[in-house]
Amino acid sequence: MTVFNNMNRAFGKSELSSGSGVNLLSVHSSKGLEFSQVFVIDLANTRFPNLRLMAQGGSLEEERRLFYVAVTRAKDELYLSYAKYDKSGRSSFEASQFIKEAGFEIP
């Protein structure tokens with residue numbers, strides 16, 4: 001597994017997409033890259049779109065654009081996921097509105 005978490009080092013496109021392994025990237029850092037398989041996680045309403053960021057001046061359109069960037073990184077397979085409940089089972093979540101807007105089925 002390849003994990004890129006050192007913020008002090010910049011990776012070029014060839015370093016991220018060459019070889020086998022797993023690349024863990026933020027949506028922002030994945031711009032311009034493509035991968036065979038892409039897993040976009042934490043797509044629950046209030047998290048994506050992120051309501052806290054929007055309350056601090058972010059926009060729904062910017063969050064929607066980031067969702068578009070995330071889903072268009074996949075060449076062959078795209079997996080979208082969200083947790084229905086937190087680990088304690090006390091809080092429940094609904095799927096992000098972006099999943100519905102994009103026409104993906106939610107089981």
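1. Start with Pro49, which sits in the loop between β1 and α2. In this predicted model, the peptide bond joining Phe48 and Pro49 is cis, with omega at about 15°. That deserves a look, because most peptide bonds are trans.

2. Asp42 lies between β1 and α2 and has a positive phi of about 65°, although it is not a glycine. Thr46, also found in the loop between β1 and α2, has a positive phi too, at about 85°, and is not a glycine either. Most residues other than glycine have a negative phi, so I'd check both by eye.

3. How covered are these two? Asp42 has a relative accessible area of 36%, so it counts as partly exposed. Thr46 comes out at 43% and is therefore partly exposed as well.

4. Ile41 belongs to the loop between β1 (35–40) and α2 (51–55). Is Ile41 buried or exposed? Its relative accessibility is 59%, so it counts as exposed, the cut-off being over 50%. Together with Phe39 and Tyr79, Ile41 makes a nonpolar surface patch of about 340 Å².

5. Now the inside. The largest nonpolar core has 15 residues, and those touching the most other members are Val27, Val40, Leu43, Phe48 and Phe67. Two or more residues come from each of β1, α3 (60–71) and α4 (97–101). Of the elements, α3 gives the most, with 5 residues.

6. Which residues does Val27 contact once its neighbours within four places in sequence are left aside? They are Phe48, Leu66, Val69 and Ala70. For the overall picture, the protein chain has 4 helices and 2 strands, arranged along the sequence as α-β-α-α-β-α. Of the chain's contacts with a separation of 6 or more, 58% are between residues 24 or more positions apart.

7. Finally, the surface totals. Buried residues make up 22% of the 107 residues in the chain. The chain exposes about 7700 Å², and carbon and sulfur atoms supply 51% of that area.

Technical notes:
Residues are numbered from 1 along each chain as its sequence is written. This is a predicted model: local features need pLDDT of at least 70, side-chain atom pairs count only at pLDDT 80 or more; totals for chains, interfaces and linings use all residues. Side-chain values use heavy atoms; hydrogens and water are left out. Patches are made of residues with over 30% relative accessible area and no salt bridge: like charges are joined within 9 Å, nonpolar side chains (Val, Leu, Ile, Met, Phe, Trp, Tyr) within 5 Å. Accessible areas come from the Shrake-Rupley method with a 1.4 Å probe; for residues, only the protein chains shown count as cover. A salt bridge is a side-chain nitrogen of Lys or Arg within 4 Å of a carboxyl oxygen of Asp or Glu. Buried means under 20% relative accessible area, exposed over 50%, partly exposed in between (1.4 Å probe, protein chains only). Contact means heavy atoms within 4.5 Å. A nonpolar core is a set of buried Ala, Val, Leu, Ile, Met, Phe, Trp, Tyr and Cys residues joined through side-chain atoms within 4.5 Å.
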